[in-house]
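Please read them with the structure open.

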Amino acid sequence: MLVIIFVATLLLFSSPLIIGFIGMLAPAFAWIPALNMHQPSFLGWQQLFTWPDLSHSIGLTLLSGLGSTMLALWWCYLILRRYWLSTQWQQIERLLAPLLAFPHVAFVLGFGLMFSSTGWLARIWHHLGLADSFYPTLIHDRYGLGLLLVLAIKETPFLLLMSMSILKQLNIKQFYNASVSLGYDHQQTWRMVIVPLWLPKLRLAIFAVAGYGLAVVDIALIIGPTHPSTLSMLIWQWFTDADLTQLPRAAAGALLLLVIVLLCFGLLRCIEWWLLSHSTAWQYSGAIKTLTLRSRNTSKASAIATLFSYGLLLLPLIMLPILALWSFALRWRFPDLLPSRYSVRFWYQQLEPLQQLISNSITLALISSLGALIMAIICLEYRQKHHRGIPTIVIAIPMVAPQLSLLFGMQIAVSFIAGQSFWLWVSWSHWLYVFPYIYLTLDGPWRSYDQRLDQTARSLGLSGWQTWWRVKFPQLKPVLLLAFAVGCSVSLAQYLPTQMLGAGRVPTLTTEAVTLASGQDRRVSAIYGLLQGLLPLVFFTLAMVFARRKTSHTQTTKVIL
């Protein structure tokens, strides 16, 4: 039975990847029999490369995608260097779960209300007497700097989380003490000793961040550049065009985007190789004596670093009160710092549609996360028993591949299937993106689980199922709850899978929040953004509460025994 479910999971996971690639490749060469295109041609590529400002769009894509990746990696390094071996790291570690649970769309909606030309910062700018001076615009700016900044801020906690397990495995404290004893200072130790060990193991996470940044659509719709837009935005506009004969151009663009992402992965890998394996003189230059700064300057720099780090990490959570304030604002004239009148009228107006949207969002999250959790457990149990499992590189494909390219092919393939099973296809697509996160969340605890507990239980007469349920499950229950909460937060944040495979017939909070952000009333947008940001936090809070109850119950039982 275990083997059958493992094979079924492997087929369910690999089939959309294959279908998505074939479904993108065929229309990219103008082979769409449903549209009477029976002869392959380069029509789509001709339309793509004759599009005006295509090179500019590709440049914006590279700037926002690679720029945000490098900036997030740099911020991650600075925070780790400052706090990893200090007592304050536990505080930062506790912040990571809510930060990761906070969806990109909710953060971007709050970011727009804060940094727009009439946002909160603009009001403060005006009250400081700087109304006539230049005010930097980060919403729909022509260079995509706002998009770059948002992506970097949101991806920094993800890189920190991935770095936690890496640094714990490397036993950094031992390397640090040995390096300091050889005369290296704190910064030299991190730069010359820890970075060459940490960076290669973070490669997959960096690829995931770069792949998302290069192909992001929902965030680009809200704050990205518009004239011209990024390549992913162009493809999305072509895909949603009412003229179906433009599908070859959209498919060619999706394939081009996939090639660009793969080339960027190769570029990042080459940079890593050059720095860590080829040009290695900087690693062996030895300890360099530096001038000691005055204590006052040192403490001032430390205070600035602390303020920057906590400000960077808390910025996404600051968006919640901003969204809440806007959702209750009835009259808020510029440049007033606070609304002059408050009301719940907009909440009452949205109660009826919100009920259906919240129901759809939670249903999809529960279905996809529960299915992914069960299948991930079965795959990990199969690997533990037979020492064979799904390769990590296959698991990571949905995380690093451009969603737009993969889903384009899946949508084309699904269109050939008769019926209106939109809920089935959307649930399947959510499961495809939820499964890797749940699997990778459980992978470490499953590897570190002491199998001698199972052997002891079996020797006492328990069956395989009884051993798992009465011995292993209680030990792994907290991480299972955490993995389930992670899966729910990933599902709740999905925009493209819901929109493309649901054909607009399965609306969720995320899809409506993105739609409303493009010109509707700010107060209505704030309501949707606030709820979209709170739902994942609810799942994580419930997981933490149940995990703590389990821990206290286990400790009480041990005391009684």
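1. In which helix is S57 found? The residue belongs to helix 3; the model in which it is placed is a predicted one. S57 is buried, because its relative accessibility is 1% and the limit for that class is under 20%. Leaving aside residues up to four places away in sequence, S57 touches P228, S229, T230, L231 and L234.

2. One of these contacts, P228, deserves a separate look. The peptide bond between H227 and P228 is cis, with omega at about -5°. P228 is located in the loop between helix 11 (218-223) and helix 12 (231-239). A cis bond also runs from F334 to P335, where omega is near 10°. P335 is placed in the loop between strand 1 (329-331) and strand 2 (341-342).

3. Helix 3 (residues 54-83) also packs with helix 10 (residues 203-215): the angle is about 145° and the axes are 8 Å apart. Their crossing is right-handed. From helix 3, the residues T61, L62, S64, G65, L66, T69 and L73 take part, and they meet I206, V209, A210, G213 and L214 of helix 10. Sorted by class, this contact has 7 nonpolar and 5 polar residues, with no charged residues.

4. P16 is a proline within helix 1 (residues 2-28). With a relative accessibility of 0%, P16 counts as buried. Not counting residues up to four places away in sequence, P16 touches L11, L406, M410, W428 and L432.

5. What is the total of aromatic pairs in the structure? There are 25. W84 and W89 make an edge-to-face pair, with 5.0 Å from centre to centre and 65° between the planes. W84 is buried at a relative accessible area of 11%, and W89 is buried at 5%.

6. The pair of W465 and W469 is stacked, because the planes stand at 15° and the limit for stacking is under 30 degrees; the ring centres are 6.0 Å apart. Both residues lie in helix 21 (residues 464-492), and they are 4 residues apart, so about one helical turn separates them. Is W465 buried or exposed? W465 counts as exposed, at 60% relative accessibility. W469 is partly exposed, with a relative accessible area of 46%.

7. Two further aromatic features can be listed. F29, F42, W45 and F49 are linked into a cluster by ring pairs. At R345, the charged end sits over the ring of F346, 5.0 Å from the ring centre.

8. A30 has a positive phi, near 60°, and is not a glycine. A30 is placed in the loop between helix 1 and helix 2 (43-49), and its relative accessible area of 3% makes it buried. H140, which is not a glycine either, has a positive phi of about 60°. H140 is located in the loop between helix 6 (120-127) and helix 7 (145-170) and counts as partly exposed, at 36% relative accessibility.

Technical notes:
Residues are numbered from 1 along each chain as its sequence is written. This is a predicted model: local features need pLDDT of at least 70, side-chain atom pairs count only at pLDDT 80 or more; totals for chains, interfaces and linings use all residues. Side-chain values use heavy atoms; hydrogens and water are left out. Rings of Phe, Tyr and Trp (its six-membered ring) pair if their centres lie within 6.5 Å; planes under 30 degrees apart count as stacked, over 60 as edge-to-face and the rest as tilted. Buried means under 20% relative accessible area, exposed over 50%, partly exposed in between (1.4 Å probe, protein chains only). Helices (H or I, at least four residues) and strands (E, at least two) are DSSP runs, numbered from the N terminus. A charge sits over a ring if NZ of Lys or CZ of Arg is within 6 Å of the ring centre and within 35 degrees of the ring normal. Axes are lines fitted to C-alpha atoms, for helices over the stretch in contact, and angles run from 0 to 180 degrees between N-to-C directions. A crossing is left-handed if the near helix is turned anticlockwise from the far one by less than a right angle, and right-handed if clockwise. Contact means heavy atoms within 4.5 Å. Ala, Val, Leu, Ile, Met, Phe, Trp, Tyr, Cys and Pro count as nonpolar, Asp, Glu, Lys and Arg as charged, and the others, Gly among them, as polar.
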